[in-house]
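I opened this model to look up its charge pairs and its nonpolar core. My entries follow the structure.

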Amino acid sequence: RLDSSDEVQVIIFRGNVWGGDEGSSQRVNDALLKCTKPVMMWIDYGGVLSGGYLKASACKGGIWASRGNDRVGSIGSYLTYKVQTGEIDKNTGLKNVEVYSSLTPLKNQETREVAKGNLKPAIETADKITEVFHATILANRPQIKKEVLQGGTYMASESLENDLGLIDGICSWEEMLEKAAELVYNSSVTNSSTHMLGLFR
């Protein structure tokens, strides 16, 4: 709605996103990339990590931290499997056992392998997911140094000091608003003397 409004000329996401599942993170990323207005991210005394960083990286107007201790990065994937332990249910005294049809040998195969202690199929799936994750991040922010794709979490100040490319700077909220106004002023999307701000929290 903000992107389609004639009154809004820049959108700022203000907040923290500590992670997110693969599907919803990609959905928000894709929606942000379709915006015709400049979109910026201001980390509000917290962090943007993992799926949260994926969303932030789609903000083509830049990513700004509120302080040096804001956390960024954690670019990686992990999977969680709930496996049957075979323990006796405390309420019923009965043991739960999963029995699969011989006609569907691939049903829940990874979960079954994890239960046996074989993590290889699950790791292969996690790697495939992470490859897409990395490709999206690099497409959004090609200035990122490849070392951050190993999944480390960094302080905002550390990212700037080591020129990791994860963020564009550190500033107060008031300075962020000034940057947004400057972006609009210098942008070709400006078609009015009134610069309105769209804000997501």
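I am working with a predicted model, in which local features need pLDDT of at least 70 and side-chain atom pairs count only at pLDDT 80 or more, while totals for chains, interfaces and linings use all residues. Residues are numbered from 1 along each chain as its sequence is written, and side-chain values use heavy atoms, with hydrogens and water left out.

I looked up the salt bridges (a side-chain nitrogen of Lys or Arg within 4 Å of a carboxyl oxygen of Asp or Glu). The structure holds four. One of them joins Asp-44 to Arg-14, with the closest N and O atoms 3.1 Å apart. Asp-44 sits in strand E2 and Arg-14 in strand E1, 30 residues apart; strands are DSSP runs (E, at least two residues), as are helices (H or I, at least four). Asp-44 is buried, because its relative accessible area is 19% and buried means under 20% (exposed is over 50%, partly exposed in between; 1.4 Å probe, protein chains only).

I then checked Asp-168, which forms a salt bridge with Arg-141 at 3.1 Å between the closest N and O atoms. Arg-141 is buried at 4% relative accessibility, whereas Asp-168 is partly exposed at 34%.

I looked up the largest nonpolar core, which has 26 residues. A core is a set of buried Ala, Val, Leu, Ile, Met, Phe, Trp, Tyr and Cys residues joined through side-chain atoms within 4.5 Å. E2 gives the most to this core, with four residues.

Last, I noted that Glu-182 lies in helix H6 (residues 173-186) and is partly exposed at 49% relative accessibility.
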